[in-house]
Amino acid sequence: MDTERAQGSTATAVSGLPVDVETISATIRKALRFGSIRPSREELAATDEALHGHVALLLAEARRTASPHPPDRYRLDRISKHMPFPLGTGMLSTYAEVPQRARDCQWLLAYFTASRDEYKPRPRPVRAAPAAGRRA
């Protein structure tokens with residue numbers, strides 16, 4: 001994950017690659033589940049590489065999308081400054097960096113879907129609110 005790869009991913013994203021929301025969501029879920037299991041270093045590195053490509057694609061989309069609700073520029077700058085840095089060599093830094101990149105990707109994906117009016121609510125039924133004065 002060096003600077004050339006980050007720039008290549010961003011250049012590819014700007015050239016018009018489609019954003020696959022389902023694949024990106026699945027990668028995010030996988031990365032955030034690592035907190036409950038002990039994945040190998042190789043599995044963490046592979047997931048980080050996939051997230052890196054997704055973040056580069058979504059970051060380029062967020063910067064060029066004209067939306068009535070612009071994204072948080074400070075967060076976009078922090079994400080873009082973090083992109084060129086490779087995954088740490090130690091397990092502790094790896095365990096910290098992969099979920100952070102997943103949360104960044106999650107935030108960018110939420111902005112992307114909201115800006116395109118593609119938000120899909122969960123298919124679960126909504127529970128009724130408890131009546132006043134009663135505890136649930």
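**Exercise 1.** How closely do the axes of α4 and α5 come, and at roughly what angle do they cross?

*Solution.* The model is predicted: local features need pLDDT of at least 70, side-chain atom pairs count only at pLDDT 80 or more, and totals for chains, interfaces and linings use all residues. Residues are numbered from 1 along each chain as its sequence is written, and side-chain values use heavy atoms, with hydrogens and water left out.

Step 1. Axes are lines fitted to C-alpha atoms, for helices over the stretch in contact, and angles run from 0 to 180 degrees between N-to-C directions. Helices (H or I, at least four residues) and strands (E, at least two) are DSSP runs, numbered from the N terminus.

Step 2. On this basis, the axes of α4 and α5 come within 11 Å and cross at roughly 135°. That makes α4 oblique to α5, given that angles under 35 degrees count as roughly parallel, over 145 as roughly antiparallel, 65 to 115 as roughly perpendicular and the rest as oblique.

Step 3. Contact means heavy atoms within 4.5 Å. From α4, the residues Arg75, Leu76, Arg78, Ile79 and His82 meet Gln100, Arg101, Arg103, Asp104, Trp107 and Leu108 of α5. This contact divides into 4 nonpolar, 2 polar and 5 charged residues. Here Ala, Val, Leu, Ile, Met, Phe, Trp, Tyr, Cys and Pro count as nonpolar, Asp, Glu, Lys and Arg as charged, and the others, Gly among them, as polar.

**Exercise 2.** Which residues touch the most other members of the largest nonpolar core?

*Solution.* Step 1. A nonpolar core is a set of buried Ala, Val, Leu, Ile, Met, Phe, Trp, Tyr and Cys residues joined through side-chain atoms within 4.5 Å. Buried means under 20% relative accessible area, exposed over 50%, and partly exposed in between (1.4 Å probe, protein chains only).

Step 1. The largest core has 24 residues, of which Ile24, Leu51, Leu58, Val98, Cys105 and Leu108 touch the most other members. The elements giving two or more residues to this core are α2 (21-33), α3, α4 and α5 (91-115). The most come from α3, with 8 residues.

Step 2. Leaving aside neighbours within four places in sequence, Cys105 is in contact with Ile24, Ile28, Leu51, His54, Val55 and Leu58.

Step 3. Leu108 lies in helix α5 and is buried, with a relative accessible area of 0%. Not counting residues up to four places away in sequence, Leu108 touches Val55, Leu58, Leu59, Ala62, Leu76 and Ile79. Leu108 and Leu59 are 49 residues apart in sequence, yet 6.8 Å apart in space, C-alpha to C-alpha.

**Exercise 3.** Is Thr47 buried or exposed?

*Solution.* Step 1. Thr47 is found in helix α3. Its relative accessible area is 3%, so Thr47 is buried.

Step 1. Beyond residues up to four places away in sequence, Thr47 touches Thr27, Lys30, Ala31, Phe34 and Val98.

Step 2. Leu57 is found in helix α3 and is buried, with a relative accessible area of 9%. The C-alpha atoms of Leu57 and Pro18, 39 residues apart along the chain, are separated by 8.8 Å.

**Exercise 4.** How many helices and strands are there in the protein?

*Solution.* Step 1. There are 5 helices and 0 strands, and the pattern along the sequence is α-α-α-α-α.

Step 1. Of the 136 residues of the protein, 34% count as buried. Among contacts between residues at least 6 apart in sequence, 77% join residues at least 24 apart.
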